[in-house]
Amino acid sequence: MNKNLHNSVLYIDMGQLRRNAEAILRELDGAQLIPVLKGNAYGLGQEEVGAALAAIPEIRTMAVAQVSEGAALRRAGVTQDILVLGGVPVRLLAPAVELGLTLTVGRP
């Protein structure tokens, strides 16, 4: 029996995703492209999308909303800088530092 009981399915061509990112980079004239991969890369699969974009040398930083998302990218082998855009609870500061994540400061 088919285990996929969803009404719809989305297939992502990771090669085309990379080509699209490379096309955007060409238009940026040296400016940095920072992909935001929050919410499981907007439902596309955070680890898969992160790994595909990490293969592009010009992408030096990726952004996420939470420390757990940064951890998932690290587990997927992403070595680029990872910026956490959301607030970070005190209990997650040490793990964020251990993972080498860059944190934003909302207030002193």
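Predicted model: local features only at pLDDT ≥ 70, side-chain atom pairs only at ≥ 80, totals over all residues.
Buried here means under 20% relative accessible area, exposed means over 50%, and partly exposed lies in between, with a 1.4 Å probe and protein chains only.

Residues are numbered from 1 along each chain as its sequence is written, and side-chain values use heavy atoms, with hydrogens and water left out.

Let me turn to the overall picture. The protein has 5 helices and 3 strands, and along the sequence they follow the pattern α-α-α-β-α-β-α-β. Helices (H or I, at least four residues) and strands (E, at least two) are DSSP runs, numbered from the N terminus. The C-alpha atoms fill a box of roughly 50 × 45 × 25 Å, taken along the principal axes. Of the 108 residues, 30% count as buried. Among contacts between residues at least 6 apart in sequence, 49% join residues at least 24 apart; a contact means heavy atoms within 4.5 Å.

Next, the sheet. The 3 strands form an open sheet in the order E1-E2-E3, with parallel pairing. Strands E1 (61-64) and E3 (102-103) stand at the edges with a single partner strand each, so one side of each has no neighbour in the sheet. Two strands pair if DSSP finds at least two bridges between them. Between E1 and E2 (residues 81-84) there are 4 bridges. Thr61 has Asp81 as its bridge partner in E2, and helix H4 (residues 67-75) packs on the sheet, touching E1 and E2, with its direction at about 165 degrees to that of E2. For such angles, axes are lines fitted to C-alpha atoms, for helices over the stretch in contact, and the angles run from 0 to 180 degrees between N-to-C directions. Met62 stands opposite Ile82 in E2.

Leaving aside neighbours within four places in sequence, the residues in contact with Thr61 include Leu33, Ile34 and Pro35.

We now come to the helices, starting with H1 (residues 14-27). H1 has 14 residues and reaches 20 Å from its first C-alpha to its last, close to the 20 Å expected at 1.5 Å a residue. That expected span is 1.5 Å times one less than the number of residues. In H1, Gly15, Ala21 and Leu25 are buried. These residues cover an arc of only 125 degrees around the axis, which puts them on the same side of H1. The arc is that of the directions from the helix axis to the C-beta atoms. The face turned away from this buried side carries the exposed residues Arg26 and Glu27. Just after H1, Asp29 takes a positive phi of about 50 degrees.

What covers the buried residues of H1 includes helix H3 (46-54). In H3, the buried residues are Gln46, Val49, Gly50, Ala52 and Leu53. They cover an arc of only 165 degrees around the axis, which puts them on the same side of H3. H1, H2, E1 and H4 are among the elements covering them.

Which residues does Gly50 touch, not counting those up to four places away in sequence? They are Leu37, Met62, Leu73 and Val78. Gly50 counts as buried, at 0% relative accessibility.

Finally, I return to H4. Its buried residues, including Val67, Glu69 and Leu73, pack against helix H2 (38-43), H3, E1, E2 and helix H5 (93-98). H4 is followed by Gly77, whose phi is positive, near 95 degrees.
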